[in-house]
Amino acid sequence: SRTPELLVPAVLGGLILLYFALPFVAFLSRTGTANVVAGLSTPESQTAIRNSLLTAPISTAISTVLGVPLAYILARRSFPGKRLVEAVVILPLIVPPVVGGAMIITAVGRFTPIGAAATAAGIPLTDSLVGVILAQTFVAAPFVIITARAGFGAVDERLEQASRSLGYGPLSTFWNVSLPLARGAILAGVILTFARAIGEFGATMMVAYNPRTMPTRIWVDFITGGIDAIVPLALALLGITLAVLAAVQ
Amino acid sequence: SRTPELLVPAVLGGLILLYFALPFVAFLSRTGTANVVAGLSTPESQTAIRNSLLTAPISTAISTVLGVPLAYILARRSFPGKRLVEAVVILPLIVPPVVGGAMIITAVGRFTPIGAAATAAGIPLTDSLVGVILAQTFVAAPFVIITARAGFGAVDERLEQASRSLGYGPLSTFWNVSLPLARGAILAGVILTFARAIGEFGATMMVAYNPRTMPTRIWVDFITGGIDAIVPLALALLGITLAVLAAVQ
Amino acid sequence: MRLELDSLTHRYGNEPAVDDVSFGLESGELVALLGPSGCGKTTLVQAIAGHIHPTAGRVLLRGADVTDVPAESRQVSVVFQQSTLFPHMTVSENVAYGLAARDTGSERRDEVVSEYLELVDLRDQRGAYPSELSGGQRRRVELARALAPQPDLLVLDEPLSALDRTLREQLRDEIARIQRETGVTTLFVTHDQEEAMTLADRLVVMNDGTVSGIGEPRTLYESPPTPFIASFLGRSNTFSATVIDQQPLTIAVGETEITLNGSQKDVSTGSTVTCHVRPRDISFRDSANDGANLSLAAEITRVVDIGTHYDVTVRIDTGDELVVECAGNPPAVGESLSLALSERQMTVFGPG
Amino acid sequence: MRLELDSLTHRYGNEPAVDDVSFGLESGELVALLGPSGCGKTTLVQAIAGHIHPTAGRVLLRGADVTDVPAESRQVSVVFQQSTLFPHMTVSENVAYGLAARDTGSERRDEVVSEYLELVDLRDQRGAYPSELSGGQRRRVELARALAPQPDLLVLDEPLSALDRTLREQLRDEIARIQRETGVTTLFVTHDQEEAMTLADRLVVMNDGTVSGIGEPRTLYESPPTPFIASFLGRSNTFSATVIDQQPLTIAVGETEITLNGSQKDVSTGSTVTCHVRPRDISFRDSANDGANLSLAAEITRVVDIGTHYDVTVRIDTGDELVVECAGNPPAVGESLSLALSERQMTVFGPG
């Protein structure tokens with residue numbers, strides 16, 4: 001008897017759900033018409049898949065290892081300049097990816113001091129796998145930081161105080177108590193970061209149009225072959241993302 | 001005396017902060033060398049700015065009007081299939097933008113029943129401003145839904161019950177109590193959605209490479225003119241995003 | 001009757017929260033709904049206010065079945081344990097909120113707001129926001145907001161549980177005064193028997209989803225109908241005894257035989273019964289224990305000074321330990337003496 | 001001394017939370033730190049446990065200054081109001097947690113865990129997770145976890161405040177037993193004077209960031225050193241009087257002159273004093289009031305039946321209203337009669 005109360009919001013919400021679901025269903029029903037296996041076995045596809053499977057996990061790992069400690073500090077301490085730090089964390093989320101890519105080029109491009117030095121050392125920071133990782137990390141890292149921070153924030157600080165009083169220092173308390181209890185939120189953040197990294201397109205196009213990752217390969221194939229040409233690779237990219245999601249849940 | 005406790009996480013967190021801030025600073029210091037006003041007054045730039053300023057607010061408005069009611073229902077009710085609905089809401093966030101673009105094409109492209117009908121009616125759904133809006137909404141709407149849901153979740157349900165007991169129906173209770181109290185979270189979600197919409201690149205490239213928005217224009221100019229050619233437009237895009245952020249805060 | 005619950009039953013999934021609960025409130029009454037956490041009190045409040053639809057049974061207000069009527073049409077005001085003041089409205093906007101819903105003119109509304117802020121002694125806080133008030137002030141604004149639309153029924157759901165004892169006692173007295181002055185029919189829900197007994201005209205005692213007893217505080221305290229009420233309404237000693245005769249009921253407590261002239265209890269000879277007596281109703285037999293017609297031999301096992309009185313623990317014949325409250329000059333540990341208790345203050349419960 | 005606070009002061013920003021607090025605990029003592037919410041109790045707990053560094057003053061444990069020693073090296077166990085059991089560990093893992101930190105061998109650890117689970121009567125819950133326990137069981141596991149590493153000091157920070165009254169009283173008795181059996185030096189922090197007086201050897205009463213009085217419960221209750229303690233430790237009546245003579249101190253309460261032979265108070269003749277007496281220490285003068293050497297005329301204004309007793313409100317000469325607790329046969333409203341109170345149970349506070 002209570003459902004009619006929320007009829008209006010249910011109808012409005014249903015519209016956007018429908019709009020989210022429709023392209024997904026249409027895309028999956030299209031896959032029957034394409035030869036997925038043949039599409040994925042071209043050398044170009046193989047290279048793109050290999051590049052993506054190499055760079056996205058590394059970007060995710062860097063984001064997690066550097067981002068989770070930052071999330072913990074933001075959840076637990078107040079310090080002068082904290083608002084500035086929070087603004088910097090949000091920045092890559094607000095900055096459009098192509099602008100982010102342009103920013104990275106101005107910082108580590110071939111003709112900047114850092115970029116030139118790295119190139120001289122044989123590790124070019126643009127148009128290389130390192131460049132892909134730089135682009136992915138910039139765009140994707142905020143997700144794990146923001147989610148992990150919310151996770152740590154939900155852990156009652158008195159649990160950590162209890163651990164301290166029972167004889168554990170700050171580091172072992174972090175490992176024994178804070179980290180396991182924020183585990184769910186951190187994992188959700190890692191998944192979001194991985195999904196964002198492996199799907200990263202805008203910044204990657206700017207920083208490293210070559211070597212191709214799966215998203216940039218999809219774009220190039222789309223230009224030359226249209227929608228049917230890209231269904232196999234798009235399906236593979238979607239599959240990898242959903243597989244990681246399923247594996248961790 | 002307590003700071004050394006968190007030395008290790010502070011150093012790790014500092015690294016990623018540095019990596020977020022460095023490109024930003026490098027980019028801003030680069031702007032001095034480019035003629036921003038001249039760059040923005042070309043007809044191409046003007047068109048791109050106009051297109052972006054037209055589409056992103058519309059996408060944000062659609063996402064908000066349809067997404068906030070959905071967020072409220074997700075925060076307040078449990079119903080069969082709720083987990084599926086939650087999965088659908090997360091989907092566009094997980095799906096890589098280029099794949100999302102490909103999905104939209106398979107749903108409403110020129111040669112699909114929907115797309116053909118729309119084109120016949122004079123409203124083509126791809127390679128048009130409508131297409132841009134479709135791409136932006138698909139990619140950006142989850143942000144306002146997820147943030148608003150968290151905001152409604154943080155409002156004690158008993159405040160709504162109190163309003164009901166004082167004589168207000170569900171709709172006036174929503175307007176008088178739930179909405180004002182979740183206002184901060186909803187605004188944050190609207191900003192994130194707007195930022196994501198105006199910066200949208202991957203899905204837009206697939207669905208509507210033409211007419212150009214600011215991000216796609218930046219890409220085209222970058223291919224032809226390199227980094228210096230795009231600084232004015234990138235700066236304008238960043239400026240619009242930050243201005244909206246500042247205006248609403 | 002103002003409020004009537006008729007065989008109310010509610011399940012969450014398969015978990016029954018309340019089972020076949022019936023009771024009523026007369027106009028102007030202050031009834032306390034008393035029971036431990038998890039006994040189903042909150043479910044009843046939600047059903048009365050209209051926030052849940054009970055699995056079975058009916059809610060009646062002024063004789064009309066309102067089970068299917070939404071909350072906003074019931075005229076039932078609720079004050080919860082946690083503050084539900086609207087943080088984005090001032091004190092006077094909060095109090096006016098329920099009046100605006102009833103289309104009270106804005107001038108009349110101002111008058112009513114002033115009147116109720118006067119009633120709770122907060123006339124100077126009109127323009128303050130809830131966050132600027134103390135915990136006690138917030139409670140009083142909630143009362144004013146709940147009362148201003150002159151509801152048919154006021155439900156107070158553990159309104160004092162989140163407060164310190166001193167503030168709790170102050171506000172308890174204030175609620176009593178406000179209820180006297182306004183005459184509003186009030187259901188006061190609490191887990192605190194002292195609070196309930198101090199405030200209420202009648203108690204409805206709940207346990208585990210069902211009504212365990214209904215009555216005036218003094219009646220339930222002095223003649224508890226169930227062992228649960230006996231132990232829940234105050235400190236209670238229990239000891240076991242064997243029925244050795246009927247009419248008059250005679251029981252053996254260890255070696256001692258006790259004849260209870262006034263008790264009419266349906267227990268068969270030979271069965272074991274449980275006797276209940278409160279610590280403050282036992283004394284040590286000396287010169288003047290006029291009312292105390294029963295005696296039990298006991299040995300003192302422990303004496304604790306509580307500051308306000310002494311708790312003396314004694315062991316009787318049966319091995320049961322009883323606590324005796326004693327104001328001054330407690331006996332020494334190890335001493336053997338005779339306990340004096342009166343039949344009137346002892347309750348006997350049959351087996352099972 | 002086991003614990004000593006030496007002129008402890010702490011500010012949050014410019015807001016002083018505690019100001020110049022000094023007191024100590026002897027080995028094996030159970031001391032209650034008592035005061036209303038916001039009086040600075042929690043700040044003291046945090047400073048003692050080592051979670052905040054006080055702005056000024058020192059914390060000493062076994063005579064050693066530990067003000068700069070981190071929490072993990074203090075051997076102070078804390079039980080908070082809200083459960084801090086680790087939800088991802090079983091009961092026995094929780095209890096073993098503090099032992100593992102001290103490198104207790106795993107066999108010995110199992111023994112100790114069993115011993116302490118035995119102590120709190122939870123030997124069968126070893127493998128359960130905290131979420132599977134009742135509120136009372138969780139409290140007892142917390143006690144076992146806090147005690148297992150044999151801390152120098154056990155701090156219980158409002159451990160019972162979140163519980164129902166019945167459970168609260170049960171656990172209060174259990175805490176008393178456990179403290180007796182283990183002999184652990186205990187600081188029991190609470191806002192509930194009944195709890196504090198029942199449990200503690202000594203009370204430290206705090207008000208508004210400072211110590212208002214220290215002493216045994218009975219001493220503070222019967223001879224409160226400050227008006228705050230008089231009213232905070234139990235129901236209290238106050239009425240004003242004028243000093244009309246010294247040695248012996250003689251005061252005028254309205255028309256009545258009262259001579260206090262035992263009181264030594266430094267108040268000048270003509271000044272106004274406040275007299276304090278507890279409701280249960282006043283009776284209605286009749287045949288036998290041996291101890292009560294003082295009399296006041298009064299008129300009955302209200303009688304409330306609380307179930308366990310009657311609260312009789314009377315008005316005396318000065319216009320002050322007093323409450324008298326009376327067990328049975330209350331007088332009728334409007335009746336004029338004489339109050340009997342004893343000098344020993346009355347406290348006089350000077351002006352200011």
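**View 1. R177(C) and E174(C) pair up in a salt bridge, with their closest N and O atoms 3.3 Å apart.** As in every view here, the model is predicted. Both residues belong to helix α5 of chain C, where a gap of 3 residues puts about one helical turn between them. R177(C) comes out as partly exposed, at 23% relative accessibility. E174(C), on the other hand, is buried at 17%.

**View 2. E174(C) also makes a salt bridge with R140(C), at 3.9 Å between the closest N and O atoms.** This pair links two helices: E174(C) sits in α5 (residues 165-182) and R140(C) in α4 (residues 135-147) of chain C, so the bridge ties together parts that are 34 residues apart in sequence. R140(C) is buried too, with a relative accessibility of 16%. If you're counting, the whole structure has 54 salt bridges over all chains.

**View 3. D305(C) meets R218(D) in a salt bridge, 2.9 Å from N to O.** Here the pair crosses between chains: D305(C) is in strand β16 (residues 294-305) of chain C, while R218(D) is in helix α7 (residues 217-222) of chain D. The aspartate D305(C) is partly exposed at 33% relative accessible area, whereas R218(D) is buried at 15%. Elsewhere, salt bridges with shared partners join R165(C), R172(D), D173(D), D192(D) and E194(D) into one network.

**View 4. Domain 1 (3-231) and domain 2 (235-349) make up the division of chain C.** Their C-alpha centres lie 39 Å apart. Where they touch, 9 residues of domain 1 are in contact with 7 residues of domain 2. The two domains of chain C bury about 640 Å² between them, with 51% of that on carbon and sulfur atoms. On the domain 1 side, Y221(C), P224(C) and A230(C) lose the most area to domain 2, together 62% of what that side buries.

**View 5. The interface between domains 1 and 2 of chain C has 0 salt bridges.** What turns up instead is 2 residue pairs in polar contact, both at pLDDT 80 or more. On the side of domain 1 that touches domain 2, helices α7 (217-222) and α8 (227-232) of chain C each supply at least two residues. The biggest giver on that side is α8(C), with 4 residues.

Definitions and conventions:
Residues are numbered from 1 along each chain as its sequence is written. Chains are lettered from A and ligands numbered from 1 in the order in which they are written. This is a predicted model: local features need pLDDT of at least 70, side-chain atom pairs count only at pLDDT 80 or more; totals for chains, interfaces and linings use all residues. Side-chain values use heavy atoms; hydrogens and water are left out. A salt bridge is a side-chain nitrogen of Lys or Arg within 4 Å of a carboxyl oxygen of Asp or Glu. Buried means under 20% relative accessible area, exposed over 50%, partly exposed in between (1.4 Å probe, protein chains only). Domain bounds come from an automatic or database domain assignment. Contact means heavy atoms within 4.5 Å. Buried area is the accessible area (1.4 Å probe) that two parts lose on being put together, summed over both. A polar contact is a pair of N or O atoms within 3.5 Å; within protein, one must be able to donate a hydrogen and the other to accept it, and residues adjacent in sequence count only if both atoms are side-chain atoms.
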